[in-house]
Amino acid sequence: MGLHQLPVPSLGAFDDILRLAPATRPTAMPEKPQIADFMALKGQRKIVCLTAYSAPMAHALDPHCDMLLVGDSVAMVIYGMDTTQNADLDMMIRHGEAVMRRRKSSLVVIDLPAGSYENSPAQALASASEIMAKTGADAVKLEGGTNLAPHVKCLVDSGIPVLGHIGLLPQHAVAGAAFRITGRSDEEANQLHKDANAVVEAGVFGIVLEGIIEPVAASIAIGCKVPTIGIGASASCDGQILVTDDLLGLYDAFTPKFVRKFANLQDDIGAAAADYRAAVIDGSFPTQDHLFWPKKT
Ligand code: KIV
């Protein structure tokens with residue numbers, strides 16, 4: 001059986017989950033997470049999502065998250081590239097495999113990189129099938145609204161769960177230019193509502209709302225039947241996502257307004273390297289305990 005024929009819960013099954021009274025839904029993700037477990041968190045408690053690109057980061061984040069996104073932000077954050085548009089299928093697969101090796105109970109979603117899906121639903125299906133087959137991830141994410149609804153429907157009908165992403169779409173941003181927040185005009189606000197409705201109708205199990213002004217993001221989030229995950233969008237979203245390297249203070253190229261740094265690891269790493277340098281130069285490292293000695297006979 002090809003991967004695109006694997007059975008997944010139908011949208012009807014998702015509807016059943018969302019009809020459960022929030023108080024009766026589980027609050028934690030189980031060891032082998034399913035899309036339905038993630039969806040059931042809607043209305044129960046806020047959903048916690050972060051990006052992860054490596055095995056040790058997945059291990060550290062997994063107990064604290066409901067979803068780990070292997071985002072195409074990996075191109076900028078790990079490879080130092082100018083835009084997410086430089087990510088490709090091999091890069092996403094390699095990092096997806098690494099994250100899957102250490103995840104336990106978080107849903108793992110992998111971004112379809114720019115250029116791998118937009119041309120046609122068939123192209124999207126080929127790329128998504130390859131990612132799913134090679135990594136064993138739970139779902140893929142793609143950026144776009146009404147224009148990408150046929151692509152979403154094709155994946156979902158083929159058994160591949162899809163997370164939507166509307167609003168500010170980094171794959172369309174101009175390299176070097178500031179990211180543009182959306183929803184400021186009536187026309188943009190209407191289009192965002194249409195985008196959300198189109199991808200929900202096409203079968204997404206959740207939507208990332210990125211860089212959308214608060215009232216518009218809030219009205220989309222409040223009216224949406226699937227979980228909404230905000231990034232620079234509304235606190236009314238069902239959950240939030242950040243790029244992990246931003247919240248750790250590891251990514252220093254720029255810090256968007258929507259980021260809160262919960263640590264400053266650039267400084268911590270610098271301080272550790274300075275301590276190491278001093279210890280090597282003054283001879284206090286390595287000590288005898290760090291060295292190997294002949295076995296005692
Ligand atoms: O690639 C990424 O990290 C993302 C998040 C910012 C949502 O798409």
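Here are a few exercises on this predicted model, each with a worked solution.

Before you start, residues are numbered from 1 along each chain as its sequence is written. Because this is a prediction, local features need pLDDT of at least 70 and side-chain atom pairs count only at pLDDT 80 or more, while totals for chains, interfaces and linings use all residues; side-chain values use heavy atoms, without hydrogens and water.

**Exercise 1. Work out how many helices and strands the protein chain has, and how compact it is.**

**Exercise 2. Trace how the strands are arranged.**

Step 1: Follow the order. The eight strands make a closed barrel, β1-β2-β3-β4-β5-β6-β7-β8, with parallel pairing (a pair needs at least two DSSP bridges). On average, neighbouring strands are turned by 25 degrees against each other, direction ignored (axes are lines fitted to C-alpha atoms, for helices over the stretch in contact; angles between N-to-C directions run from 0 to 180 degrees).

Step 2: Find where the barrel closes. β1 (residues 47-51) pairs with β8 (residues 239-242) in the parallel sense over four bridges, and Leu50 stands opposite Leu242.

Step 3: Look at the other partner of β8. Two bridges join it to β7 (residues 228-231), again parallel, with Gly230 opposite Gln240.

Step 4: Move to β3 (residues 107-111) and β4 (residues 139-141). Three bridges join these parallel strands, and Asp111 sits opposite Lys141.

**Exercise 3. Find out what surrounds the ligand, and which side chains make polar contacts with it.**

Step 1: List the neighbours. Those around the ligand include Thr51, Asp72, Ser73, Asp111, Lys141 and His165 (near means a heavy atom within 4 Å).

Step 2: Look for polar side-chain atoms by an oxygen atom of the ligand. Ser73 has one at 2.5 Å, Asp72 at 2.9 Å and Asp111 at 3.2 Å (a polar contact here is a pair of N or O atoms within 3.5 Å).

Step 3: The protein covers 96% of the 260 Å² of accessible area that the ligand has on its own (Shrake-Rupley method, 1.4 Å probe).

Methods: A polar contact is a pair of N or O atoms within 3.5 Å; within protein, one must be able to donate a hydrogen and the other to accept it, and residues adjacent in sequence count only if both atoms are side-chain atoms. The radius of gyration is taken over C-alpha atoms; the globule rule is 2.2 Å times the number of residues to the power 0.38.
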